[in-house]
Amino acid sequence: MLKAVIIKEIRHIIRDKVSCMILFLMPVFTLILLTYALSFEVNHYNIKVFNADNSTEAEELFVRLDSYPKIQITGRVGSVGEIEEAFATGTTRAVLMYRNGSMSLFIDSSNPLMTRSIETTMRRILEPSESIPIRYLYNQSLKKEYMPLPGLVMIIFILVSSIVLGISINREKSQGSYKLLRLTGVANHHLIFGKAIPYLVITLFHILVIYLVCLYFGVAIVGNLFTFFFLCLLYSGCCMSLGILIASWLDRPIDVLILCWIVLFVPNVFLSGFIFSNSSMNGVIKFVSDALPGTAFVSAFRNIAFKGTSFADNLPYFLLLGGELLGAGLLSLLGLKRRIPR
Amino acid sequence: MNPIVKAEHVSKHFGCIKAVDDLSLTLAPGEILGLLGANGAGKTTLIRMLCGLIRQDAGSIWVDGRPGYMCQSFSLIEELTVSENIRYYGALYGLGKDEVRERGAQIEDSLRLGPYRDRQVRHLSSGWRQAISLSIAVLPRPKVLILDEPTSGLDAMSRRRLWDMIQDSASAGTGVIISTHYLDEAFYCSSLAIMKSGRLAASGHPGDLAGSESDLLNFFE
């Protein structure tokens, strides 16, 4: 009897694609992520330099700094006023200024984890010669609340916008009401918008709560509120679109839940730079990380909310989110058109 | 009488499997056409093509207007009450508020839904759910009603109630295509189309095809 149950279970596992994914792909994926791709250690910093004195001593220092594997000097700043501009897109972590014969270090502290890391590295390299005054920009008191907030918001939106909406749409198919809906003549885009709008309203409520939470913890949103709300809505729309895409091509709500978890939740949590720094990623993982909506959202969130950068400064992130929203939306319509459950 | 459904030489393949093979049929107003056949005979595929849910590979299908449809699995939204389901589908069928209210009241009266109208559908028995599904399928007063094994898994009373509703619709001029596994239900139909391996094995008046349920079984062998 035991043998019969074991054989049945093995056949069940082999024939259920979703079970196979969880049992074989997921552990391999997690193993690769945690052993090869992800590291708490930040091993690469982009910095800019400012030689106000045009000093040769400073230039020699910059050459020495650039020779360290962890540091890459990506450009120069022409004036003190340009220092904040250098941080606008989030790709520059620090600016080293040489003025009046001494050095100062400006660090983008909107991400406290990175701040501590870059501070330690720069001190280790530069301080044997002299003590460097450091100025933290955007989060001067290094509040820890700045660190998890964008990532938490990203997770909430994936849960509400992708997973719950995806399951809700898929339930129509599994309950049989989808076939009836098709016969009533309701257009697929009406079905999608009709189902998505209540979730969008819930998202708006969450955005408001997030704003209030920011105020409560003293995490001031210094950027344009309209741009901030637009970013949240666009990201939420993108998550909805991806959730609907998964729901439209699968027949069972449980499959939607599992696939959303595997292809949306886990990659966005691990690869978006929320827990592990993107700077430590390489190759394919870096490419995947850069393409994730979560990465774009977390980066743009930090830039707009903490640094006060503009819509134009974050245009690449908005374009990525908008593109993924549209792409996934179109594929969803195709999936809903073709996939009629039995 | 002009047919309200006309299918000519319809075929549908799924990979190398011929689900429906060169099948033709017509349906007249007020006619109840029973589709009979073993599992896998192609009844559901034919019904899905007649509804327009999937496209045929060959042949032509013409249906007068948008058909009313009801399938074996419950098409109702389980979290909504009976009245809310009627209002929801009424709106999707494009009916005005007054018409939905009037039709809803008619359905509730004819089914004696009184105590159940404000109950969530998930709390109702299978028989009630199918009766309400059928009422919703006829909400927009379709000329053609297509029912895919609507009585599967129902008790005798519920099946009887559903057949009364189907015969009422047919009396009012609606043409009905119904697939069923129950041989006794074949004799409630005004005509039969017996399917075997995707083809039409026999068709005609039930009395002409078989004298009893056991005679019908011969067509399945």
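In which strand of chain B is His9(B) found? His9(B) sits in strand β1 of chain B, which covers residues 5–14. Keep this residue in mind, as the text comes back to it below.

First, the model as a whole. It is predicted. Its scores are ipTM 0.70 and pTM 0.72. For chain B, the average pLDDT is 86. In that chain, 95% of the residues score at least 70.

Start with chain A. Its secondary structure comprises 13 helices and 5 strands. Taken along the principal axes, its C-alpha atoms fill a box of roughly 80 × 50 × 35 Å. The chain has 342 residues, and 39% of them are buried. Next, look at how the sequence folds back on itself. Take the contacts in chain A between residues at least 6 apart in sequence. Of these, 76% join residues at least 24 apart.

Chain A is assigned two domains. Domain 1 covers 45–142, and domain 2 covers 145–337. The centres of these domains of chain A, taken over C-alpha atoms, are 34 Å apart. Where they meet, 12 residues of domain 1 of chain A are in contact with 11 residues of domain 2 of chain A. Which helix gives the most to the domain 1 side of this contact in chain A? That is helix α5 of chain A, residues 112–126, with 3 residues. The domain 1 side of chain A holds 7 nonpolar residues, 5 polar ones and no charged ones.

Now turn to chain B. This chain has 8 helices and 9 strands. How does its radius of gyration compare with the globule rule? The radius of gyration of chain B is 17 Å, and the rule gives 17 Å for 221 residues. The two values are close, so chain B is as compact as a globular protein of that length. Along its principal axes, the C-alpha trace of chain B spans about 45 × 35 × 35 Å. Of its 221 residues, 43% are buried. Contacts across the sequence can be read in this chain too. Among contacts in chain B with a separation of 6 or more, 72% come from residues 24 or more positions apart.

Chain B is also divided into two domains. Domain 1 is made of two stretches, 1–67 and 142–221. Domain 2 covers 76–141. Between the centres of these domains of chain B lie 25 Å, taken over C-alpha atoms. Their contact takes 12 residues from domain 1 of chain B and 9 residues from domain 2 of chain B. On the domain 1 side, the largest share comes from helix α5 of chain B, residues 156–171. This helix of chain B gives 6 residues. By class, the domain 1 side of chain B has 7 nonpolar, 3 polar and 2 charged residues.

How do the two chains meet? The contact takes 16 residues from chain B and 12 residues from chain A. On the chain B side, 12 residues are nonpolar, 2 are polar and 2 are charged.

Next, look inside. The largest nonpolar core has 114 residues. Which of them touch the most other members? They are Tyr235(A), Leu321(A), Leu50(B), Ile146(B), Val176(B) and Ile177(B). Helix α9 of chain A, residues 225–249, gives the most to this core, with 13 residues.

Finally, back to His9(B). Most residues other than glycine have a negative phi. His9(B) is not a glycine, but its phi is positive, at about 50°. Is His9(B) buried or exposed? His9(B) counts as exposed, because it has 12 C-beta neighbours inside 10 Å, and a residue with 12 or fewer is classed that way.

Ser197(B) also has a positive phi, about 50°, although it is not a glycine. Where is Ser197(B) found? Ser197(B) lies in the loop between β8 (191–196) and β9 (199–204) of chain B. Ser197(B) has 15 C-beta neighbours inside 10 Å, so it counts as partly exposed.

Methods
Residues are numbered from 1 along each chain as its sequence is written. Chains are lettered from A and ligands numbered from 1 in the order in which they are written. This is a predicted model: local features need pLDDT of at least 70, side-chain atom pairs count only at pLDDT 80 or more; totals for chains, interfaces and linings use all residues. pLDDT is the predictor's confidence in each residue, from 0 to 100. Two residues are in contact if their C-beta atoms, placed from the backbone, lie within 7 Å. Ala, Val, Leu, Ile, Met, Phe, Trp, Tyr, Cys and Pro count as nonpolar, Asp, Glu, Lys and Arg as charged, and the others, Gly among them, as polar. Domain bounds come from an automatic or database domain assignment. Helices (H or I, at least four residues) and strands (E, at least two) are DSSP runs, numbered from the N terminus. A residue is buried if 20 or more other C-beta atoms lie within 10 Å of its own, exposed if 12 or fewer, and partly exposed in between; C-beta atoms are placed from the backbone. A nonpolar core is a set of buried Ala, Val, Leu, Ile, Met, Phe, Trp, Tyr and Cys residues joined through C-beta atoms within 7 Å. The radius of gyration is taken over C-alpha atoms; the globule rule is 2.2 Å times the number of residues to the power 0.38.
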